Amino acid sequence: MSATGRTLRIQERFVSVQGEGVLAGVPSSFVRLTGCNLRCSWCDSPLSSWRPTGETIELDALLRWCAQGPRHVVVTGGEPLLHPGVSTLTQRLSETGHHVTIETAGTVDQDGLHCDLMSLSPKLAHSTPTQPLPLAQRHESLRWQPDTVRALMRFEWQLKFVVRADAQDVLAHDVEEIDRMLETLGIDEPDRVLLMPECIDPAELEARYQRISAVCCARGFRLGPRLHITAFGHTPGT
Ligand code: SF4
C-alpha cells in the first residue's frame, strides 16, 4: 500500500474457483499482491515474487471490483502480509460481507487484519534454492517462523505443505520434516493439515496424488488438490 494508504500494488486480479485447500472449488475473487520475502526454488508465481510486476490500484477501485464478484475473496501473493494495507483491505471486505481467505507462508504478521480463513503454507527445506547464495541463505533463515505461524493461528486456519512426491523416499523425508514442525507448533489436528504435490504438470499429478493419498490415509492428513493445474494447466489468471 502507498504511504497515503489508498493504493495497493497487485500483480493480477481475477475470478476463478479456488484450486487449493479446504475451500477448493469455491468461486472466488483473487487479489494477488506482488513481492515476496522468500525465494522458493519451485515458485510457481515468480512475477509476484522473484520478479515482482504489477499495477498500482486505488483501494476503493479494488473494493468496487470485489463487490461485483463472488462472496469469497482470496488475498494472495507473493507474500500479501508484506503489504501493510492488507489490514485495511480485509477489514473493508469484511464490512461488505465478504469471506476473506489470506494465503501466506507465515513469516510475517500485521495488526488489524480481518480473516475468515488463514491459509498457512510454511515452506520445507526442499524449497531452498542452491543459488544465488545470498538469497538462498536469506530464504533458509526466513522460511520457518513458528512463532509467527502460531500467532496467525488466532484466526480459523489450515496448514498447507507443498511436498515432493515424485518418489516415495523424498515424500517420506518431507513428511518427517512436517512432523517436526507440527510438534514445534504443538498441533495435534492432522485433518487441518493438507499435503499438496510440488508439481505444475497436469500429466504428473495423478501419480503424485496416489503417493500422497497413502500417507494421508495412514496419518489422517488431507490430500491437498491443485484444481487450477488439473482444470486449466499452469495458466495465469486461473
Ligand atoms: S513463498 Fe510463495 S510466492 Fe514466495 S517464493 Fe515461495 S512460492 Fe513464491
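Here is a walk through this structure, from its sheet to its salt bridges and its ligand.

The model is a predicted one: local features need pLDDT of at least 70, side-chain atom pairs count only at pLDDT 80 or more, and totals for chains, interfaces and linings use all residues. Residues are numbered from 1 along each chain as its sequence is written, and side-chain values use heavy atoms, with hydrogens and water left out.

Let's begin with the sheet. Nine strands make up an open sheet with mixed pairing, in the order E3-E1-E2-E4-E5-E6-E7-E8-E9. Strands (E, at least two residues) and helices (H or I, at least four) are DSSP runs numbered from the N terminus, and two strands pair if DSSP finds at least two bridges between them. The edges belong to E3 (55-58) and E9 (222-223); each has a single partner strand, so one side of each is left without a neighbour in the sheet.

Now look at E5. It runs parallel to E4, with four bridges joining the two, and valine 75 stands opposite isoleucine 102 in E5. E5 (residues 99-104) also pairs with E6 (residues 117-120), again in the parallel sense and over four bridges. There, glutamate 103 sits opposite serine 119 in E6.

In a regular strand the side chains alternate between the two faces of the sheet. In E5 both faces are covered: His99, Thr101 and Glu103 on one side and Val100, Ile102 and Thr104 on the other are all buried. Buried here means under 20% relative accessible area, exposed means over 50%, and partly exposed is in between (1.4 Å probe, protein chains only).

What about the helices? H2 lies across E1, E2, E4 and E5, running at about 175° to E4. Such angles run from 0 to 180 degrees between N-to-C directions, with axes fitted to C-alpha atoms, for helices over the stretch in contact; contact itself means heavy atoms within 4.5 Å.

On to the charged pairs. The structure holds 15 salt bridges, each a side-chain nitrogen of Lys or Arg within 4 Å of a carboxyl oxygen of Asp or Glu. In one of them, aspartate 60 meets arginine 92 at 3.0 Å, N to O. This pair links distant parts of the chain, with aspartate 60 in helix H1 (residues 59-67) and arginine 92 in helix H2 (residues 86-95), 32 residues apart. Aspartate 60 counts as partly exposed at 40% relative accessibility, and so does arginine 92 at 33%.

Arginine 192 and glutamate 156 form another salt bridge, at 3.6 Å, N to O. Arginine 192 lies in the loop between H5 (168-185) and E8 (193-197), and glutamate 156 in the loop between H4 (146-152) and E7 (157-163), so the pair ties together parts that are 36 residues apart in sequence.

Arginine 208 bridges to glutamate 204, with the closest N and O atoms 3.5 Å apart. Both lie in helix H6 (residues 202-219), four residues apart, about one turn of the helix. Arginine 208 counts as buried at 13% relative accessibility, whereas glutamate 204 is partly exposed at 37%. Elsewhere, salt bridges that share partners join Glu20, Glu103, Lys160 and Arg226 into one network.

Finally, which residues surround the ligand? They are Cys36, Leu38, Arg39, Cys40, Trp42, Cys43, Ser45, Ser49, Gly78 and Lys123, near it in the sense of having a heavy atom within 4 Å. This shell divides into five nonpolar, three polar and two charged residues. Ala, Val, Leu, Ile, Met, Phe, Trp, Tyr, Cys and Pro count as nonpolar, Asp, Glu, Lys and Arg as charged, and the others, Gly among them, as polar.
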